Amino acid sequence: MSLIGKVVIVTGASSGIGATTAEAFAKQGSKVVLVGRNEPNLKAAESVCKAANSKAELLAIVADVTVDAERIINSTIDRFGQLDVLVNNAGIFEVGNILDIDVEQFDRIFNTNLRAVFLLTKFAAPHLIKTQGNIVNVSSIAGLRSIRDVSSYCASKAALDQFTRCIALDLAPKKVRVNSVNPGVIVTDIQRRRGLSPKEVDDFYLRSKETHPLGRAGEAKEVADAIIFLASDSSSFITGANLPIDGGITAVCTI
Ligand code: NAI
């Protein structure tokens with residue numbers, strides 16, 4: 001599918017990977033629906049899309065994916081009449097040892113990283129069947145590998161990967177493809193959001209030089225490029241895939 005004129009929803013579009021992905025779709029000539037909770041940040045992301053392609057048709061929806069899934073899909077259909085691509089990018093990251101974390105952390109993370117994706121997928125599916133569109137979920141290497149003190153997040157992304165594969169099978173007879181990208185460490189605000197100081201954030205990204213075989217953390221654009229690939233006809237025979245965008249980190253086995 002050429003992405004020109006396609007209607008694409010990107011959740012968590014007001015920052016990081018989501019904002020860069022929205023911009024990448026706008027550059028392709030897609031009609032982009034930007035979803036986020038923070039109105040000023042969402043408007044700023046919309047302006048970046050407009051600057052990338054002055055002709056791009058855009059819709060910004062201020063919404064929380066954990067409660068507004070149906071409204072997000074309905075508003076998109078009301079405005080553009082169809083849906084071609086759903087990018088489930090909104091996600092939260094929190095850490096803590098099982099001895100310290102409480103069930104509220106588990107519920108928060110699963111509500112955002114998995115339950116909201118379930119709801120958006122359910123409401124979007126009938127529209128995606130009409131257009132023979134596709135879904136790209138933004139998972140993580142944390143879905144493919146286990147990280148100490150990150151159990152809730154790792155489990156949510158592993159569940160998301162399994163959900164991706166299962167829904168790929170559910171919707172394959174309808175010619176709707178479903179895939180995920182699984183980023184390694186990517187430079188965004190996600191580490192600051194979990195409460196790290198600027199120095200701790202810098203140290204975290206410096207460590208990526210050693211942990212990632214390519215010797216660096218990734219950039220949001222590198223994830224956005226992979227999302228564009230999975231959303232387009234260039235990947236027309238790919239469904240149910242969990243694609244690492246990780247500088248080789250999931251290939252590593254240290255002995
Ligand atoms: P980010 O924190 O800049 O972006 C996440 C976005 O999701 C934010 O705009 C946030 O406001 C939004 N969001 C969170 N909960 C929401 C809700 N209930 N409703 C609506 N929007 C909500 O961080 P980043 O890095 O751009 O994260 C995007 C995705 O990439 C997440 O799913 C994350 O788990 C995943 N990821 C990020 C990695 C990284 O190193 N940055 C690595 C692997 C995966």
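Here is a chat about helix packing and cysteines in a predicted model.

Trainee: Let's start with H1 and H8. At what angle do they pack?

Mentor: Helix H1, residues 16-28, packs against helix H8, residues 220-231, at an angle of about 50°. Their axes are 8 Å apart.

Trainee: Are H1 and H8 roughly parallel or oblique to each other?
Mentor: They're oblique to each other, because angles under 35 degrees count as roughly parallel.

Trainee: Which residues of H1 make the contact?
Mentor: Gly16, Ile17, Thr20, Thr21, Ala24, Phe25 and Gln28 of H1. On the H8 side, the contact includes Val223, Ala224, Ile227 and Ile228. By class, the contact of H1 with H8 has nine nonpolar, four polar and one charged residues.

Trainee: Now H3 and H4. How do their axes cross?
Mentor: Helix H3 (residues 69-80) and helix H4 (residues 103-131) cross at roughly 25°, and their axes come within 8 Å. H3 and H4 are therefore roughly parallel to each other. The crossing is right-handed.

Trainee: And what touches what there?

Mentor: From H3 you have Ala69, Glu70, Ile72, Ile73 and Ile77, and from H4 there are Leu119, Leu120, Phe123, Ala124 and His127. That contact has eight nonpolar, one polar and one charged residues.

Trainee: Is Cys49 buried or exposed?
Mentor: Cys49 counts as buried, because its relative accessibility is 0%. Cys166 counts as partly exposed, at 37% relative accessibility.

Definitions and conventions. Residues numbered from 1 in each chain as written. Predicted model: local features only at pLDDT ≥ 70, side-chain atom pairs only at ≥ 80, totals over all residues. Heavy atoms only, no water. Axes fitted to C-alpha atoms, helices over the stretch in contact; angles between N-to-C directions. Helix = DSSP H or I, 4+ residues; strand = E, 2+ residues; numbered from the N terminus. Parallel < 35°, antiparallel > 145°, perpendicular 65-115°, else oblique. Contact = heavy atoms within 4.5 Å. Nonpolar A, V, L, I, M, F, W, Y, C, P; charged D, E, K, R; others polar. Buried < 20%, exposed > 50% of the residue type's maximum accessible area, 1.4 Å probe, protein only. Left-handed = near helix turned anticlockwise from the far one by under 90°.
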